[in-house]
Amino acid sequence: MRTQLNGYVVADDDKWLYDWFEIGCFSPATVREAVANNPNDEDLVLEINSGGGNAFAGFEIYSILRNAKCHTVAEVQSLAASAASTVMVGADRCYLSPVAQVMIHLPMLSTDGNYHDHEESISMLNSVTESILNGYQLKCGSKATREQLRDLMEQSTWMPAQEAINIGLADGVLNSGNGSMTVLNAIDCPSVADLMAKYEAAVKDGAQAVPGHDVAVENNSDPTGTEPENNTTADWQTEARRQLLQEI
């Protein structure tokens, strides 16, 4: 069975928002469903065309593939960048189109707050970097050391098929194209916060809300003095984990 993984890597809870804006994406649920529905006697082939996205969603997909009962094959048709490269190395085998690119780099996030908050973000980024390296190193085996892979991440390295194969991130080149290629016009993943703001504005202007994601309409009536206080203080760690790796 073949499954297309086109667009951004997003969390399950955020996929509805990207779908509403008709932005191509896939989430762990996409892969979990494909694994569950794959016939017992067939390989599950994942056609990857992705500029990356959410690191933790990529980790979840990697783990789903590593634990899948069926044999899994990643076919990179155009691009496996950032979180999508973690997805790619989760499959049992990986093959690249002769024109495909693989891109690996350090994870990113934005932090608001005092220097303690930024220090905690740095600690998180360092930890996430080690997790990404774990996946790469298991795939590469003896073809590349952990420090070589770390250096490539530090340099935000783009690799054609030959280079990715030489260091062990991929197993070979596709002999022929299967399915249509997807052109990626940009690899900057729109943030959930930006999309949510646009979604709320559109619904307030009369667009149909997605079931379960209603938008509160502002109440312009005079205050009665009995309204509850509105606590707008955000938990930075929750926000960091939601936005971690809008990677590329």
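Mentor: We will go from the whole chain to its ring pairs and then to its cysteines. Keep in mind that this is a predicted model.

Trainee: How many helices and strands does the chain have?

Mentor: There are nine helices and eight strands. Of the 248 residues in the chain, 46% are buried.

Trainee: What describes a pair of aromatic rings?

Mentor: Two values do: the distance of the centres and the angle of the planes. In this structure the count comes to four aromatic pairs. For Trp20 and Tyr199, the ring centres are 4.8 Å apart and the planes stand at 90°; an angle over 60 degrees counts as edge-to-face, so this pair is edge-to-face.

Trainee: Where in the chain do Trp20 and Tyr199 lie?

Mentor: Trp20 is in helix H1 and Tyr199 is in helix H8, so the pair ties together parts 179 residues apart in sequence. Tyr199 is buried at 1% relative accessibility, while Trp20 is partly exposed at 26%. Ring pairs also join Trp16, Trp20, Phe21 and Tyr199 into a cluster.

Trainee: What is the geometry of the pair formed by Phe56 and Phe59?

Mentor: That pair is edge-to-face, with 5.8 Å centre to centre and 85° between the planes. Phe56 and Phe59 are three residues apart in helix H3, which means about one helical turn separates them. Phe56 is partly exposed at 31%, and Phe59 is buried at 18%.

Trainee: What is a disulfide, and how many does a search of the whole structure find?

Mentor: A disulfide is a covalent bond between the sulfur atoms of two cysteines. The search finds zero here. Cys70 is buried, at 13% relative accessibility, and Cys140 is buried at 4%.

Key
Residues numbered from 1 in each chain as written. Predicted model: local features only at pLDDT ≥ 70, side-chain atom pairs only at ≥ 80, totals over all residues. Heavy atoms only, no water. Helix = DSSP H or I, 4+ residues; strand = E, 2+ residues; numbered from the N terminus. Buried < 20%, exposed > 50% of the residue type's maximum accessible area, 1.4 Å probe, protein only. Disulfide = S-S within 2.5 Å. Phe/Tyr/Trp six-rings, centres within 6.5 Å; stacked < 30°, edge-to-face > 60°.
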